Amino acid sequence: MSDELYMQRCLELAVLGMGNVSPNPMVGCVIVHENEIIGEGYHQKIGEAHAEVNAINNVFTKFGDSAPTLLKNATVYVSLEPCAHFGKTPPCADLLVKHQVKKVVIGNTDPFEIVNGKGIEKLKSAGIQVVIGILEDKCSYINRRFFNRIKQQRPFIILKWAQTANQYFAPMGGTQQWITGPLSKQLSHQWRGEEDAILVGKQTALIDNPLLTNRNSSGKNPIRIVIDRSLTIPTTHHLYNNEAKTIIFNEVKTAVVENIHFIQMEDMKFYLAQKIAFQLYLMDIQSVIIEGGAQILNQFINANLWDEARIFTSKINWNEGIKAPEIKGNVIEQLSLGDDDLTIYTPNIK
């Protein structure tokens with residue numbers, strides 16, 4: 001088997017940690033001895049063992065006393081550079097040095113300042129052969145949220161909405177009306193389990209009274225975020241229940257009441273998207289889905305603060321309504337979901 005095939009297996013393992021490791025990256029590790037995989041592992045949960053630790057433990061579980069000898073003649077494949085610092089866990093580079101592995105093949109380097117290149121340096125200094133850049137683009141893509149947060153100092157921002165065939169976003173007059181079908185709803189709930197947070201504006205919260213939970217799919221609930229400048233949303237609304245941590249950006253107060261976190265901001269009429277993005281970065285929120293309404297979506301679009309736009313379009317037409325946001329970008333995926341179409345955009349790179 002080639003380096004690319006082993007690295008592809010690392011990526012398949014890495015994504016199993018989706019939704020559970022943020023703000024850490026997703027990492028997979030495969031250990032190979034004489035063209036045979038002898039151990040596998042991935043980073044399963046924030047604060048727990050990293051991929052390399054789990055893969056080495058897997059070798060010991062399978063081979064017992066023979067494991068040290070096997071590891072000395074093994075090649076370790078890992079989708080991201082092994083860490084070189086003490087965080088919640090010890091450095092993985094030190095662990096690989098300890099077991100005197102023969103070779104380490106790395107997907108891409110870690111842009112985090114206290115790691116970048118230092119793990120590779122430790123391995124090379126110990127006489128371990130190091131290869132870098134195998135399936136580099138694919139490795140970067142699965143960790144685009146992590147890389148975005150480190151490099152741009154803001155979360156990975158996903159815009160998401162549904163629109164009619166003639167581009168209406170919501171009915172006039174503050175009423176609620178479903179646009180898309182059950183398959184689109186199921187996928188939307190799956191996405192909630194994959195991201196750190198989900199955000200809506202006040203009008204969406206008042207009109208739809210959403211739960212913003214991942215109740216139709218497996219996985220965790222995202223952190224719920226709502227923009228309510230004057231704190232006018234009734235506390236009887238679903239966003240105030242205890243099903244998930246909830247952040248309410250407002251101009252009135254900063255306080256914590258059980259799972260509800262009130263965060264005061266000044267002058268929310270100005271640069272709101274930028275203020276929210278920076279505040280979420282400070283709170284270690286690595287990714288957020290912006291679900292509406294149209295006004296808040298347009299603020300993020302106008303500020304060029306978005307990384308993906310996921311737009312469901314139904315086949316129904318309305319005679320009137322609130323127009324959906326308009327977005328320009330690169331189409332990276334198109335899917336049919338029952339009677340709905342899903343189009344995913346990324347920004348044009350200038």
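A polar contact is a pair of N or O atoms within 3.5 Å; within protein, one of them must be able to donate a hydrogen and the other to accept it, and residues adjacent in sequence count only if both atoms are side-chain atoms. Keep that in mind for the views below.

This is a predicted model, where local features need pLDDT of at least 70 and side-chain atom pairs count only at pLDDT 80 or more, while totals for chains, interfaces and linings use all residues. Residues are numbered from 1 along each chain as its sequence is written, and side-chain values use heavy atoms, with hydrogens and water left out.

**View 1. Ser22 and its partner Asp196.**
The side chains of Ser22 and Asp196 make a polar contact of 2.5 Å. Ser22 sits in the loop between α1 (3–14) and β1 (28–33); helices (H or I, at least four residues) and strands (E, at least two) are DSSP runs, numbered from the N terminus. Leaving out residues up to four places away in sequence, Ser22 touches Ile46, Asp196 and Gln286, where contact means heavy atoms within 4.5 Å. Look for Glu195 here too: 173 residues separate Ser22 from Glu195 in sequence, but their C-alpha atoms are 8.6 Å apart in space. With 21% relative accessibility, Ser22 counts as partly exposed (buried means under 20% relative accessible area, exposed over 50%, partly exposed in between, using a 1.4 Å probe and protein chains only).

**View 2. Two cis peptide bonds.**
Most peptide bonds are trans, but here are a couple to look at. Ser22 and Pro23 are joined by a cis peptide bond with omega about 10°. Like Ser22, Pro23 is in the loop between α1 and β1. The other cis bond runs from Gly292 to Gly293, and its omega is near 5°. Gly293 belongs to the loop between β13 (287–292) and α11 (294–302).

Most residues other than glycine have a negative phi. Asn35 isn't a glycine, yet its phi is positive, at about 65°. You'll find Asn35 in the loop between β1 and β2 (36–42), and at 62% relative accessibility it counts as exposed. Asp284, not a glycine either, has a positive phi of about 60°. Its place is the loop between α10 (272–282) and β13. Asp284 has a relative accessibility of 39%, so it counts as partly exposed.

**View 3. The annotated binding site: His50, Cys83 and Cys92.**
An unreviewed UniProt entry marks His50, Cys83 and Cys92 as "binding site"; UniProt positions are given in the numbering used here, feature names are shortened, and annotations may be inferred rather than shown by experiment. The annotated residues span 43 residues in sequence, yet no two of their C-alpha atoms are more than 9.2 Å apart, so they gather at one spot. Cys83 is in the loop between β3 (75–80) and α4 (92–98), whereas Cys92 is part of helix α4. Cys83 counts as buried, at 8% relative accessibility, and so does Cys92, at 1%. Neighbours within four places in sequence aside, Cys83 contacts His50, Pro90, Pro91, Cys92, Ala93 and Val115.

The chain is assigned domain 1 (3–148) and domain 2 (155–347), with bounds that come from an automatic or database domain assignment. Their C-alpha centres lie 35 Å apart. On the domain 1 side, 10 residues are in contact with 14 residues of domain 2. Between them the domains bury about 980 Å², 44% of it on carbon and sulfur atoms; buried area is the accessible area (1.4 Å probe) that two parts lose on being put together, summed over both. Across this interface there are 4 residue pairs in polar contact, both residues at pLDDT 80 or more. Helix α7 (residues 144–152) gives the most to the domain 1 side touching domain 2, with 4 residues.

**View 4. Close-up on Arg144 and Glu308.**
The side chains of Arg144 and Glu308 form a salt bridge, at 3.1 Å from N to O (a side-chain nitrogen of Lys or Arg within 4 Å of a carboxyl oxygen of Asp or Glu). The count of salt bridges between domain 1 and domain 2 is 2. Glu308 lies in strand β14 (residues 308–313) and counts as buried, at 3% relative accessibility. Not counting residues up to four places away in sequence, Glu308 has contacts including Tyr141, Arg144, Phe156 and Tyr345.
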